[in-house]
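Hi everyone, thanks for coming. Have a look at the screen, and I'll talk you through what I picked out.

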Amino acid sequence: MKVLLIEDNKEMILNIIKYLSQEGMICEVAENLFDAQDKILSFEYDCILLDLTLPDGNGLSLLKELKRLESKPDVLIISAKNSLEDKLLGLDLGADDYLPKPFHLAELLARIKAIYRRTKLGGTEVLVFEEIQVQYQNLLASVHGKQLDLTKKEFDLLVFLITNKNRVLGKSAIAQHLWGDYTDNLSNFDFVYQHIKNLRKKIAEAGGRDYLSTVYGIGYKFGANQS
Amino acid sequence: MRLLNILTTVYLLITLTAVITGGYFIYRKLVSEIDFELGMELERQIEAYAQRISNGLSPSALENDRLQITELPYDLEEEALVLSDTIAYHDPMNREEKQLKASKSYKIGDKHYRISYYNLVVEAEDITETVVYTMVLVFLIQIIFVVFFFRSISNRVLRPFQNTLKKIKQFDFGANEPLVFEETKISEFDQLNGFLEKMTQKLLIDYRQIKEFSENISHEIQTPTAVVGGKLENLLNSEITEDQAVLIYAAYQNNEKIHRIVKSLGLLAKLQNAEFDTSSKIDLSEILEKSIELISELVILSELKFNADIRPEVFVNMHPSVAEIMFSNLLSNAVKHNFKGGWIKVSLSPHQLLVSNSGKSLTKKTDELKGRFKKESSNSDSVGLGLAIVNQICKTYHFQFDYSVSKDDIHTITIDF
């Protein structure tokens, strides 16, 4: 998967590239609109991560140009300007999603994958992790072919965990993913624990291995090399 | 009361006072003038009679019902003219009438006569009637003039003022245009307008600065916190010991807290600047139902009993996102400051929202908790801006916000629209 990151903050670029490249994604960077236009016309990308406030203009102007391309890449706006108008305008101009800064890198990865599934694969992709199978289209998950009875949140959690497999996921990142802005007002993340507990239980009941491990009490990790 | 009406009323009251005082003096003057003229007339008459007596006519032959001639001892001094009111028989009217009597004595030859002559005076009632009639007429004419001319002229004079008022009413920070007035030729109004022009220019500059600040602060602080967050997230995924992990995570969480504070302060600033459009009516019931749906899972996970009584189609002038924020803050507070097996009750009627829940007893006053960064527990993850935001929302929309805790630790929040 080839990603173009249009962003002017060098540290931000390093963070994102480090996280995404561990996932096997190829990341290219444009630090301003001019470079971005150049790259878009010269190469093909699966996904564009677009910051709006760039040194030589507003990232929104790029959306109009992207529309004219034959194979339009996915566009995920990453902006520090968390304004509703920008969001609506961006989505209206053809962006696929809007992620306000600051975000969890795990969330960024999850969003990129989700857009990719939706636009390029038509949502038919089946995510497989060892004996666990996840069908996005009908929100079904199964272990050894045996269907799991998951709630919507548990399903989202499972997808989020598999997408960010072998990563340490902070409780707050998980909470943010599941409840969005509501977590701003929730001081403790017991709710995350509840969902993790239920998901674990359901996978175990279906005969699946426990891939979830607690990391020093600060978060969770989902991976095959766990106990 | 309109300025013009006040001016008219005051003007009419002053006129009325002037007319009454004027009337009184006119009355006084009339009476004295009439008396004076009458006295002169009587004196001339007396003098004529005295002349006739000196011409040889016998006084008794002259006497009639208006004339009285008495003979006085000769050694008395001649009396000067004396005017006095008296009641005397008036023949033509055949009754006693108030008359004016003038008397003067003359020494004619060797005789000394006092000649008194009577005449009817104009009656006080008649004068009063005339004066009142005239004054009422004057006053009526005044009223007509005031209504037709004074008011229309005043209206024209006050028009620049009315225009100024209209412009102030239409002034909108969002439009970003300072007030501009035309010259009025009335120096006070020009001063007022000039002052308003300068003031709005200053206000708009300040407003723009605050707005830019609240916009910039999100960008300027969010970007570094995003960078820090990303670094820490990457760090968490590297080879680390447990000690390091705990340190990193603590930094990570506090970084998130900075983000939440900045976000909340930005929202507060936006609310204070009234940057949310409030022109449209929204269905609060619908938004509340949605908010409850979002929180319902947390309610179940927290093992709370939830009871909602929502009247459908409660319409209020509000920005939908603001309503969402208000509900989300209130509901998550009710979940957060509750205990296992507790309860939450929400009711919405056309004029009131009520959220009550079981909870812990407070050590702080409820009014204090409405302030910024005031929180009951020293729970480090809580920012302490939730109620401040609700409070500011209520202020912005002129809602009545009340928070009370009963003796049995039932927390109740009411918002009257």
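So, Ile6(A) stands opposite Ala30(A) in β2(A). Two strands count as paired if DSSP finds at least two bridges between them, and here 5 bridges join β1 of chain A, residues 2–6, to β2(A), with the two running parallel. When I say strand or helix, I mean a DSSP run, numbered from the N terminus: at least two residues of E for a strand, at least four of H or I for a helix.

Quick word on where this comes from. It's a predicted model, where local features need pLDDT of at least 70 and side-chain atom pairs count only at pLDDT 80 or more, while totals for chains, interfaces and linings use all residues. Residues are numbered from 1 along each chain as its sequence is written, and chains are lettered from A and ligands numbered from 1 in the order in which they are written.

Back to those strands. What order do the 5 strands of the open sheet in chain A take? They go β2-β1-β3-β6-β7, with parallel pairing. The edges are β2 (26–30) and β7 (97–100) of chain A, each pairing on one side only.

Now, Ile6(A) also sits in a nonpolar core. That's a set of buried Ala, Val, Leu, Ile, Met, Phe, Trp, Tyr and Cys residues joined through C-beta atoms within 7 Å. Buried means 20 or more other C-beta atoms within 10 Å of a residue's own, exposed means 12 or fewer, partly exposed is in between, and the C-beta atoms are placed from the backbone. The largest core has 104 residues, and Ile6(A), Ile16(A), Leu49(A) and Leu50(A) have the most contacts inside it. Its largest share, 9 residues, comes from helix α7 of chain B, residues 320–336. Apart from it lies another core of 12 residues, including Tyr106(B) and Tyr117(B).

Asp51(A) is in the loop between β3 (47–50) and β4 (53–54) of chain A. Why does Asp51(A) count as buried? Because it has 24 C-beta neighbours inside 10 Å. Leaving aside neighbours within four places in sequence, its contacts (C-beta atoms within 7 Å, placed from the backbone) include Ile6(A), Glu7(A) and Asp8(A).

The peptide bond from Lys101(A) to Pro102(A) is cis, with omega near -5 degrees, and Pro102(A) lies in the loop between β7 and α5 (105–119). Then Glu130(A) has a positive phi of about 50 degrees, although it isn't a glycine. Glu130(A) is in the loop between β8 (126–129) and β9 (132–135) of chain A.

On to how the chains meet: 37 residues of chain B are in contact with 33 residues of chain A. On the chain B side, α4(B) gives the most, with 13 residues.

Residues 7–27 of chain B are 100% helix, with end C-alpha atoms 30 Å apart. Residues 130–150 of chain B are also 100% helix, with their ends 28 Å apart between C-alpha atoms.

How values were computed
Contact = placed C-beta atoms within 7 Å.
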